[in-house]
Protein chains: 2
Amino acid sequence: MVNERLDCEHHLNMAIQAATTPPCPPQLARALDYAVFPGGARVRPKLCLAAAMANGDGDPRLGMAAAIAIEMLHCASLVHDDLPCFDDATARRGKPSVHSAFGERIAVLTGDTLIVSALQQLAVCGFHTKDPKRLATVSQIITAGVGAPQGICAGQAWECEPSIDTATYHQCKTGALFVAATCAGAAAAGQDHLPWAMLGSAIGQAYQVADDIQDCVGVSAQMGKPSGRDAVLGRPNAVHELGLEGAIKLLNQLLNEGIASIPDCTGKALLVSLVEKQSERFFPTGFARCAA
Amino acid sequence: MVNERLDCEHHLNMAIQAATTPPCPPQLARALDYAVFPGGARVRPKLCLAAAMANGDGDPRLGMAAAIAIEMLHCASLVHDDLPCFDDATARRGKPSVHSAFGERIAVLTGDTLIVSALQQLAVCGFHTKDPKRLATVSQIITAGVGAPQGICAGQAWECEPSIDTATYHQCKTGALFVAATCAGAAAAGQDHLPWAMLGSAIGQAYQVADDIQDCVGVSAQMGKPSGRDAVLGRPNAVHELGLEGAIKLLNQLLNEGIASIPDCTGKALLVSLVEKQSERFFPTGFARCAA
């Protein structure tokens, strides 16, 4: 029941169908579907929906629109990050990356279209809402997490600068959309979103550390993308800095901090169990979660 | 007075400043500004504002947000169209294209950021609106003009298909945002937008024909971009199909059809004069506008 309410596949599918209906050019239509399905863990939209549910889910339509917008924006960022001019990644989610399968031009347009469609999902909530300020707050949270000066685009753009502050870089590139997920979920349910930023930030940092660990110890087939890329691309990696044990310790600490930060709310126990469940996959074989 | 009310530079500037404020990465900040300023003729936002004014301009804040969103989306499309994988254009608006000046990675991110910021301009109108349905209508019109299945992204994606229907291609790639401009302007003023689609469509087609003419007879310095590209890239061009005289005749016909389609409204005479004024630059030296 709870898992069903955290499942956004149907709504994602409807959003992609709306964009890919004729007269959409056939290759763009296929690439849009390919970029979103089958998905990864859908951790961001689940976190958004869980935050909305924990706060009573006062506007389920808006909560779901926020969740799928966040996932579509995440998918857009993956497609553009994989482009030859960035990571030049040939594989993603266990299959060829979008530009490998459809060419660079369609990949650029797939990312662009996903951004537009994502924000369209939110905008059309205005046809039904009785609370336009709430919708505006949710939209503002999500666009801030994606654009500039400190969303995903800004984070990615730090890769083009001669020197990078690693914390700022990760906070923008990875953390911003996790913060948007918890904050948008709470805001969609009518709650003050600011106290929810810490949970998103901590999970975002934990996710980044988990990604660093997987990049070092992961098997490509499990990750759906090549491992060892950080060393090749000269990127900061928590395992290189702290060792594997140190990185696992940091991962546990971040998850504990995130869970401790969850504001009092009607569905707090359920949300904690969801965060614990989702974070199981952050740990490599042989290492277990160590709660506070 | 009227010209001042059609001027969106100040509001565009505020939108770009909001995106480029610290901690925005410096190169992305410079590229965002570079992609939007100095502008071209700003014909789309002027058309949007003129349509809003012709209908009484009942919500000037929404009309202006629509206008600058449309211009920012247009600028985003230029940056991505110029990329090496598409037109590989080295110059735009009389200076190096964004990827020539800042590199391909920053160009991709500049386009992405402009799309997000543009739609953010609309979303934040929800904090002030008393009519969320009107805002949703304007947002829906604009996102439809940009995304898929038949906005700019779809139009550009037709270039990747083995066969193209030229009319559909131009309608999506160029026409859709002009239709969005007139329809969004009318909708922002609280009017039914559907009767305003024809004006946008006709001006969009006229603009395309004017572009074709300039590609054939233009001097690069005047256009701000290289001429003769259609022949090089094997693209359809009205002058190749109809000859120069035929293309000029078609241009006049489209403008006459567009003007004839303008619904009755309080500011109709003013709007007609604005369309005539804006279209003067569509005609090459030695050819004059010939009204119906």
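Chain B and chain A bury about 4600 Å² between them, and 71% of that sits on carbon and sulfur atoms. Keep in mind that this is a predicted model.

**The interface, seen from chain B**

- On the chain B side, B:Arg105, B:Val116 and B:Phe127 lose the most area to chain A, and together they make up 14% of what that side buries.

**How the two copies are related**

- Chain B goes onto chain A with a rotation of 180° and 0.0 Å of shift along the axis, at an RMSD of 0.0 Å.
- In chain B, the C-alpha nearest the axis belongs to B:Pro132, 2.9 Å from it.
- Both copies use the same surface, as 100% of the contact residues of chain B recur in chain A.

**Helix 3 of chain A, mostly covered**

- Eight of the 11 residues in helix 3 (residues 26-36) of chain A are buried.
- The buried ones are A:Gln27, A:Leu28, A:Ala29, A:Ala31, A:Leu32, A:Tyr34, A:Ala35 and A:Val36.
- The cover over these buried residues includes helix 2 (9-20), helix 5 (60-81), strand 2 (95-96), helix 6 (98-102) and helix 7 (104-123) of chain A, together with helix 9 of chain B.

**A buried aspartate, A:Asp230**

- A:Asp230 sits in helix 13 (residues 229-233) of chain A.
- A:Asp230 counts as buried because its relative accessibility is 8%, and the cut-off for buried is under 20%.
- The side chain of A:Asp230 makes a polar contact of 2.9 Å with the side chain of A:Asn237.
- Setting aside neighbours within four places in sequence, A:Asp230 is in contact with A:Asp212, A:Asp215, A:Arg235, A:Pro236, A:Asn237 and A:His240.

**Salt bridges**

- Over all chains, the whole structure holds 22 salt bridges.
- One of them joins the side chains of A:Arg289 and A:Glu276, at 2.7 Å from N to O.
- That pair links distant parts of the chain, 13 residues apart: A:Glu276 lies in helix 15 (268-279) of chain A and A:Arg289 in the segment after helix 15.
- A:Glu276 counts as partly exposed, at 23% relative accessibility.
- A:Lys277 pairs with A:Glu280 in a salt bridge whose closest N and O atoms are 3.8 Å apart, and A:Lys277 is exposed at 54% relative accessibility.
- In chain B, B:Lys268 forms a salt bridge with B:Asp264, with the closest N and O atoms 3.7 Å apart.
- B:Lys268 is partly exposed at a relative accessible area of 26%, whereas B:Asp264 is exposed at 74%.
- There is also a network of salt bridges, linking A:Glu9, A:Arg42, A:Glu71 and A:Arg93.

Terms used. Residues are numbered from 1 along each chain as its sequence is written. Chains are lettered from A and ligands numbered from 1 in the order in which they are written. This is a predicted model: local features need pLDDT of at least 70, side-chain atom pairs count only at pLDDT 80 or more; totals for chains, interfaces and linings use all residues. Side-chain values use heavy atoms; hydrogens and water are left out. Buried area is the accessible area (1.4 Å probe) that two parts lose on being put together, summed over both. Helices (H or I, at least four residues) and strands (E, at least two) are DSSP runs, numbered from the N terminus. Buried means under 20% relative accessible area, exposed over 50%, partly exposed in between (1.4 Å probe, protein chains only). A polar contact is a pair of N or O atoms within 3.5 Å; within protein, one must be able to donate a hydrogen and the other to accept it, and residues adjacent in sequence count only if both atoms are side-chain atoms. Contact means heavy atoms within 4.5 Å. Copies are superposed by least squares on the C-alpha atoms of residues with pLDDT of at least 70 in both. A salt bridge is a side-chain nitrogen of Lys or Arg within 4 Å of a carboxyl oxygen of Asp or Glu.
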